Amino acid sequence: MHLNRRTLAMAAALSILTLGSSLSATLTLKDLEGAWLADGTDCDVIFSRSSGKTTLRQPVNEFVAGFIISRDSLRSPLASCRIQKVIPIENGARLMMTCTNSMSTGQVVTTLRLGRAGMLERIGDGDTAIAYYNRCRLK
């Protein structure tokens, strides 16, 4: 089969566009919705599901790292946050939030990125440590 230059150029351009989009995927709030739990922890320890809604199990275990993202809110055992802005970044999103805990309310910025094997990586603003989370699939 003989391919002309134009066909080869179009195929090359399509390959580059496809590769570029897969390397620079961003996350939306819709992609992030659900329950996320620190790697190595059982989802049933911190979350429960009732009437189709995922909630934090009561009493809340403050020593387990996990959170729920629903619409424009993020809830964890220690704080409730309102997501003010989502800034797309390569392979993730930067969340600008107003968070409230039992002591105060303040602005919080965190970066969430797609990691290995579908894990979510969280990096706090000004932090270099990465926390890893798995998505919980509760029934």
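**Exercise 1. The main core**

Which residues have the most contacts inside the largest nonpolar core?

*Solution.* Start with the ground rules. This is a predicted model, in which local features need pLDDT of at least 70, side-chain atom pairs count only at pLDDT 80 or more, and totals for chains, interfaces and linings use all residues. Residues are numbered from 1 along each chain as its sequence is written, and side-chain values use heavy atoms, with hydrogens and water left out.

Step 1: A nonpolar core is a set of buried Ala, Val, Leu, Ile, Met, Phe, Trp, Tyr and Cys residues joined through side-chain atoms within 4.5 Å. Buried means under 20% relative accessible area, exposed means over 50%, and partly exposed is in between (1.4 Å probe, protein chains only).

Step 2: read off the core. The largest one has 15 residues. L32, F67, I69, L74, M97 and L120 have the most contacts inside it.

Step 3: assign the core to strands. Strand 4, strand 6 (80-89) and strand 7 (92-100) each supply at least two residues. Strand 7 gives the largest share, four residues.

Step 4: Another core of ten residues lies apart from the largest one. Its members include A35, F47, L56 and V64.

Step 5: zoom in on L120. A contact means heavy atoms within 4.5 Å. Leaving out residues up to four places away in sequence, L120 touches L27, L32, W36, F67, L112, R113, A131, Y132 and Y133.

**Exercise 2. The fold**

List the secondary structure, then work out how the strands are arranged.

*Solution.* Step 1: count the elements. The chain has two helices and ten strands. Both are DSSP runs numbered from the N terminus: helices are H or I with at least four residues, strands are E with at least two. Along the sequence the pattern is α-α-β-β-β-β-β-β-β-β-β-β.

Step 1: pair the strands. Two strands pair if DSSP finds at least two bridges between them. Strands of a sheet pair through backbone hydrogen bonds, either parallel or antiparallel. Here eight strands close into a barrel, in the order 1-4-5-6-7-8-9-10, with antiparallel pairing. Neighbouring strands of this sheet are turned by 35° against each other on average, direction ignored.

Step 2: take one pair. Strands 6 and 7 are antiparallel and share nine bridges.

Step 3: Of the 139 residues, 29% are buried. Among contacts between residues at least 6 apart in sequence, 37% join residues at least 24 apart.

**Exercise 3. Salt bridges**

How many salt bridges does the structure hold?

*Solution.* Step 1: apply the cut-off. A salt bridge is a side-chain nitrogen of Lys or Arg within 4 Å of a carboxyl oxygen of Asp or Glu. The structure holds three.

Step 1: R82 and D72. Their closest N and O atoms are 3.3 Å apart. R82 sits in strand 6, and D72 in the loop between strand 4 and strand 5. R82 is partly exposed at 45% relative accessible area, and D72 is partly exposed at 32%.

Step 2: D125 and R94. The N to O distance is 2.8 Å. D125 lies in the loop between strand 9 (120-124) and strand 10 (131-136) and R94 in strand 7, so the bridge ties together parts that are 31 residues apart in sequence. D125 is partly exposed at 48%, and R94 is partly exposed at 26%.

Step 3: R113 and E121. This bridge spans 2.8 Å from N to O. R113 is partly exposed at 27%, whereas E121 is buried at 12%.

**Exercise 4. Backbone features in the loops**

Find the cis peptide bond and the non-glycine residues with positive phi.

*Solution.* Step 1: the cis bond. It joins Q58 and P59, with omega at about -10°. P59 is in the loop between strand 3 (53-56) and strand 4 (66-70).

Step 1: S51. Its phi is near 55°. S51 lies in the loop between strand 2 (47-50) and strand 3. S51 is exposed, because its relative accessibility is 79%.

Step 2: R71. Its phi is about 55°. R71 lies in the loop between strand 4 and strand 5 (73-75). At 67% relative accessibility, R71 is exposed too.

Technical notes
Axes fitted to C-alpha atoms, helices over the stretch in contact; angles between N-to-C directions.
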